[in-house]
Amino acid sequence: MAIQSENRPVLSLQGVCKAFGGIIVAEDISFDVSSCEMMGLIGPNGAGKTSLLNMISGIYSMDKGRIMFGDVDVSKAPAHKRARLGLARTFQAPRFLQRSNIRDNLLLGTDLADQYTFFQSFIGKKSKDFEEELSELMEIAGFTFDWDDLIAAFPYGRLKILEIVRAMLSKPRILLIDEPAAGLNDIEIGHAVALLKLATEKRGMGVVLIEHKMDMVMNNCHNIVVLNFGKVIAKGQPEMISKNKDVIEAYLGRGYDVAN
Amino acid sequence: MKKKKLVKFLVYLVFVLALILIVPSVTTGYSIMIVDVALLYFIAALGLSVMLGIGGQMTFAAVSFMGVGAFTSAQLSKYAHIPTSLSIILGILVAALFAFLIGLVLLRLKGPFFAFSTISLVQIMSNIFLNYEPLTGGARGIQSIPKLNLGVFSPNNLFGWFYLLIAVAIICGLIVERVRQTHLGRALSSVRDNEIAAMSLGVDVFKTKVVAFTIAGALAGLSGALYAHMSQYISQSLFTFNTSLTFIMMVMLGGVNSTVGTFFGALLVTMLPEWLRPLKQYLMIIYGVGIIFLMVYMPMGLAGVARSILTKCQRKKQQKGAEAANGYSK
Ligand SMILES: Nc1ncnc2c1ncn2[C@@H]1O[C@H](COP(=O)(O)OP(=O)(O)OP(=O)(O)O)[C@@H](O)[C@H]1O
Ligand SMILES: [Mg+2]
């Protein structure tokens, strides 16, 4: 059953600006993401994509502008509050608890979904609801693990996929994904794409996908925002973007052939 | 999986029973006191295990909270004539509240800066303990503190205390183990390993640290309050930076992230000076060299060594199993 896409956006950026000293990483950036939508965020290296994700999730502050999450203005909210409202993310280089096992790492995602206080969690019993969800996700992820495996023993590609799984376990409304395909082989990329499709099509999440692999973006995203030097140079559906002159010059000009 | 848990439980049960049965019969009045003190220190060191082991926050402050708990309970029971069972609870609460307030301030600092600030706290508090006579009796300390009376059970000698302390230590150990396995433990581990990941997973980093610091304060306060009624005499000299270093040695030797390890660490570090009495002049040198070797060769302490031996054995067993299943052997 596909969930009907709402008209009102879940995530809305309005005139976001940010500079690090002389480097402008965001200049008047505005766009919306609705539920069930997969939005691609592309641009050359250093365009400011990761910085923008950091501003959305509250790790960087903005100089100017507004970020709305549903009806809530989260422009000044700390990162953990935004996460608790339903904003999950992955990182360009996966961030895990290196000294903990898989169990603790994944349960952090479910903790976020449960939203128990420390005390409730201390006296209560952890609900097992997530186990079904996890096994469904791992089936799509294409590998299995032992709960007691140490995170440090996992290969990079699996960590990147596992980070998507962890983010999805927190049942977010918006999922921010930073370069999932980097370091993955083609089969693993397929699994990652399948997970993201499940997120949008079955779970109704809105996804913001940063990726350099053009075919992955072009084939899966409903809309694309192109950044260059912190500015939005194009915005629209994949077909339009791949024909856009500015984009081709800034980015796709490096040899991407629309025809294949 | 279930079987593994059962085996673990049985091992601990046998160990505790053996401890209860054997220790009193092989100890004398003096050596049972050493064991009792080791158990008290274990309870305080557990707080450090929460902060440093689970949360990765180095703190020296436990000894100050221990002092607050001890002086509070001693004062209330001796001069306000409050029953000892209640004064101990108040001692814990005051120590926890104090830790909470101090945590609100000091935990704004990060990493080494926080650690240094707790060193200053210990120095300030030990000066207050020494010089604020109305509260602490100054250099003379507080004498003839009332004996502990719990109604159902009142330890009237150090052997009685041993049984009581074993029970309290087990309860505190179980609480810490529970913390480790619930949201607070995971949140703390995420703060330790990756603050940015923690934040983006909805963990309030500051609040998590403050809660852990408060729990550490409560455990230290309990330890101090019990100490006051056990020895019936306390003074500032117990709550100095040296004691703080002892806690750190216990946790480091036993295994910074292991409750059982901390127990053995507490036992060993308290007993060592007794065993090494003939070498008294060289004790600090031995300690120093020992710690350096510890950090180089077993950074996760005894528990870390035990764990790596266990996984090696398991791997061998698995290998053997796999070879047998494949129908060949080396
Ligand atoms: N914390 C920071 N302090 C100073 N400069 C920063 C900081 N974070 C990012 N930058 C700068 O901002 C610019 C944009 O960086 P960002 O990581 O957002 O690019 P990106 O689009 O994600 O690039 P890539 O595709 O290589 O990941 C870069 O020039 C980077 O050096
Ligand atoms: Mg980036």
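Predicted model: local features only at pLDDT ≥ 70, side-chain atom pairs only at ≥ 80, totals over all residues.
Side-chain values use heavy atoms, with hydrogens and water left out, residues are numbered from 1 along each chain as its sequence is written, and chains are lettered from A and ligands numbered from 1 in the order in which they are written.

Colouring helix H10 (residues 205-231) of chain B will show the element in which Thr214(B) is found, helices being DSSP runs of H or I with at least four residues, numbered from the N terminus. Thr214(B) counts as buried because its relative accessibility is 18%, where buried means under 20% relative accessible area (1.4 Å probe, protein chains only).

Next, move to ligand 1 and display the 13 residues around it, of which Asn45(A), Lys49(A), Thr50(A), Ser51(A) and His212(A) come nearest; a residue is near when one of its heavy atoms lies within 4 Å. Helix H1 (residues 49-57) of chain A supplies the largest share of this shell, three residues.

Now pick out oxygen atoms of ligand 1: one lies 2.8 Å from a polar side-chain atom of Lys49(A), and one is 2.8 Å from an N or O atom in the side chain of His212(A). Finally, select Glu179(A), where a side-chain N or O atom is 3.4 Å from an oxygen atom of ligand 1.

Terms used. Polar contact = N/O pair within 3.5 Å; in protein donor to acceptor, adjacent residues only side chain to side chain. Helix = DSSP H or I, 4+ residues; strand = E, 2+ residues; numbered from the N terminus. Buried < 20%, exposed > 50% of the residue type's maximum accessible area, 1.4 Å probe, protein only.
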